[in-house]
Every structure is written in structure tokens, then in C-alpha cells.
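Have it open while you read, and take the points in order.

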Amino acid sequence: MSRAISLRSVSKTYGRSPRAVDRFSLSVAPGEFVVLLGPSGCGKSTVLRMIAGLEEITEGELLLDGEPANDLTPRERGMAMVFQNFALYPNMTNRANIGFPLKLENSRRDHTERVESTARMLGIESVLDRYPRQLSGGERQRVAMGRAISRRPSAFLMDEPLSNLDAKLRNHLRAEIAQLTTELGVTTVYVTHDQAEAMSLGDRVAVMRGGVLQQVSSPREVYALPENVFVAAFIGTPRINLLQAVVHAPLEGRMSIDLGRQRLALPEPLSPDHQLLRIQQGRPVIVGLRSEAVRIAPPSHARPGEVALSGIVEHVEYQGHEALVHLNTGSRPAVVPDLESARPRTPQRRRAGGGGTGVLERLRQRATGSVAVLDPPAPERYAVRGPDRPAVTASDLVVRTGPDLRLRTGGQVPLLVDLAHLYVFDHSGRRICPLPRDIPGLDV
Ligand SMILES: Nc1ncnc2c1ncn2[C@@H]1O[C@H](COP(=O)(O)OP(=O)(O)OP(=O)(O)O)[C@@H](O)[C@H]1O
């Protein structure tokens, strides 16, 4: 039997600390695979442990198949957990490890058949009579999964089960987990901080930040329609380009988005998405451009909906099948706090003002409560290299190209921006373009 899991405004507080999980609501349908995704410390494991019954719920309600379950013991919940550290009994053979939960349930019954069919499912029949220390990391994790599966639980709760494995094995096991859970049709809640893993595994992805659920949607939607700038920045590789901008909407004349040194002129007639930007006139916004929204090509190659920009090549990252070109377009990148690792900056810069401990840095720290923070102006962030050299800034835009395009560092390149792929977020980080679905009276 597969379980429906429902969390209703669930919070967790440890001692006097702020809420580790803050009014978290999520319903997982029977057989569904939901991934909890977010940076380290955002509360993913705590949510999982509250579902498992390993952590008490401070406030709110957990329902299993519609029945209140806050007070059920872990055993009564009938779920199986798989952790990142494989947690096998070292003195038991792998066979005994897999059969252990079955033995706990009924010590007199012969479980050989169930253990062997589980091992077959996971491709580990040949190692059943060895001990865990005689296995590779991947085999050990399969045994750990076998132990979770053997009892045919009503739900799997997996906490970063692949994070101790090397990249190749991780990809391999990821595919196996997807296949296995589909075959078994068991409800699965899976925790990871790896967005690629989340996107490839989940029926739905629930993105968390600072204990708060940001968005829960299909992988496709979470990528294409991120509800805020944090989700946009957390999902997708290379990371979305986020630029500080101002909407320019004169009563007469063309609407545009001012990026600092350059403007994006919005094509007329304005699309419904772009029309709604008019009310942002004069306000600071954040423009999001994924790397596929920008290409290196001259204005004469523009397709309908594409507008021209230009950029100076700062750095080219060769990746074999493609290259990532880091460009300076004279814009200021918007910083999103709490992301696991910021996009690496181009390496050659020296900071002015001895490492950012000044007023701007303090303001930035204070502002980390909101979703996005505006960076200090470029001239104050980076030193000029010498009195006779112009001021330099870091790259603000990353564009994908084919691997064979030869580009000279310091050279200027023409860019075309596809406005159909333009994201705009308001000053609080909420997506305003494409239009949010919940604007009343708008048929989107
Ligand atoms: N037993 C505990 N006592 C006090 N604080 C805790 C306890 N367990 C977790 N926390 C805190 O709760 C917050 C959420 O932790 P949690 O482990 O759920 O995050 P996570 O998103 O799973 O992180 P990671 O990916 O690093 O495992 C963190 O700030 C953590 O320090």
C-alpha cells in the first residue's frame, strides 16, 4: 500500500533558535515522488525526520492517508528511511542486513525468498553473503536500499542517499532509484541540495529556503516559471544571469528596461507580460536571463522578439561540448543570499576598501532577510588596476556558445536577447514577468 502524506502548516523550533521549519505545507499523493530541495541548513532533513517520526512536530499537523499522525511512533508509520551514511550493521552479512527489518517483524518466518528478490531488483545477488566492509560505496548503498525496500514499506524517505558516492555512480544509482520507485509505486520523499538530482528524479520539486517552502511544482515548471528570484537562481546550470535594472516606461515612446550602460527595448505591440511592467516605471527590478536567452550574434541576425546588446569578453570557460562566455555588459549583478555557492567571479580582480567591511557591506548583510540584495555600485567594488587603466568590473552575464567559436578576452561581441525568455522580478524578488498565475482577473 502506498501512502498519502500531508503536512499542514508544520513548524519545528529547536530551543530558542528561530524556526528551523516555518509553517510548511505540502501534500504528497500516493505513489508520488517529491524532492525537497534547498541549500544546506534550510530545513529539508528536519521535514523528513518529522514525517518519519524521528523529530517531534512543534506546531501543525501531519496526516497519513488523511488520518492525524503526529503522535504515531516511527514504527506505526510503516515508512522506510535511507540516509546518506549507509548505516549497515558491520557484523552482519549483507543478506542479514537486508533481512533484518523482516526478522524484526516476524522472526519465525523464512525470509530468504523476499531477501533474494529484493537483491535481484537491485543487482546485488552476488554479494549477499559478504560483509558490508567488502563492498564498494555503491554496493553498500544498494544494500541499504534493499534493507529499506525488503519490508515493502508504504513510503520511502530518503535523505541525500547518493551524496557519498562519486559522480558517475551517483548518476547511475539515481536512474535506478527512479526506476525502482516507479516499479514499486511507493510514495517517496527525497531530500537533496543538488538541483540536477532533484530535477531528474522528482514528479514534483519542493524548493526550501530558510525553513520556508518557496515553491512546489513539476521540474519543468520550477525551471520555466520560478516564483521568485531565489528559485530562479537555485535551479538551472549555468546559474541564471540576474541583473539590477530599472523599468523605463515613458508616456510616449518605447518601453525599455535600463540595465545600466545598455537598454533592452521592449518590442511593440507590448505582450501582456510586458504591459504589466509599466506599473514598475522608475522602480528597481531584477532581470533574469538564462544562458539560452542570449546568443552571440550581430543585430542583422535578430529573429522576431530578439533585441541587441553587446558585451566585453572577460573569460571563456571551455567545457568540451560547449563554452561558457563570461561577459561584461556594464550591468550590476543582483546577489541572492543563501544560495549554496555564488557563481565564481572572474579571477583577476582586486577589491577596493579592504574586503567589504564598510557601510555597503553592512547594509548588504542587513538586507539578507529579503530575497534579493542589490550589490554596491561597480566602481566601489573593484579597484582600477593602475592610474592609466580604465576601471574594470566583473562579468555580469554568462552566455553559452558552441565550443569552436574563437573569442578574444577584452574583445567586444554583439549579443541578441530573446525577450520571450525574459524574467523580471520586483524589488522583493517576486516574479512579475512572465505574469504570475494568481493575478485576479487576468486570463494567462
Ligand atoms: N537537533 C538539533 N538541534 C538544534 N538545531 C538543529 C537540530 N537539527 C537541525 N537543527 C538546525 O535546524 C536547521 C535545519 O537543519 P536541517 O538539517 O533540517 O537542514 P538541511 O536543509 O537538511 O541541511 P543539510 O543539507 O546541511 O543537511 C539548521 O539551522 C540546523 O542547524
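This is a predicted model: local features need pLDDT of at least 70, side-chain atom pairs count only at pLDDT 80 or more; totals for chains, interfaces and linings use all residues.

**Notes on the fold and the ligand site**

1. Four strands form an open sheet in the order β2-β1-β4-β5, with antiparallel pairing. Its edges are β2 (21-28) and β5 (67-68), each of which pairs on one side only.

2. Now the β1/β2 pair. Strand β1 (residues 5-12) runs antiparallel to β2, and 5 bridges join them. If you want a landmark, I5 stands opposite V28 in β2.

3. What does α1 lie across? Helix α1 (residues 44-52) is largely enclosed by the rest of the structure, because 7 of its 9 residues are buried. The buried ones are K44, S45, T46, V47, L48, M50 and I51.

4. Next, the ligand. Its surroundings include K44, S45 and T46, along with G38, S40, G41, C42 and G43. Y14, S17, A20 and H193 complete the shell. By class, that shell has 8 polar, 3 nonpolar and 1 charged residues. Note that K44, S45 and T46 are also on the buried list for α1.

5. Last, the largest nonpolar core. Which of its 96 residues touch the most other members? They are A206 and V287. Helix α9 (residues 229-234) gives this core its largest share, 6 residues. Leaving out residues up to four places away in sequence, V287 touches L243, A245, I257, L259, L422, Y423 and V424.

How values were computed. Residues are numbered from 1 along each chain as its sequence is written. A residue is near a molecule or strand if its C-beta atom, placed from the backbone, lies within 6 Å of it. Ala, Val, Leu, Ile, Met, Phe, Trp, Tyr, Cys and Pro count as nonpolar, Asp, Glu, Lys and Arg as charged, and the others, Gly among them, as polar. A residue is buried if 20 or more other C-beta atoms lie within 10 Å of its own, exposed if 12 or fewer, and partly exposed in between; C-beta atoms are placed from the backbone. Helices (H or I, at least four residues) and strands (E, at least two) are DSSP runs, numbered from the N terminus. A nonpolar core is a set of buried Ala, Val, Leu, Ile, Met, Phe, Trp, Tyr and Cys residues joined through C-beta atoms within 7 Å. Two residues are in contact if their C-beta atoms, placed from the backbone, lie within 7 Å. Two strands pair if DSSP finds at least two bridges between them.
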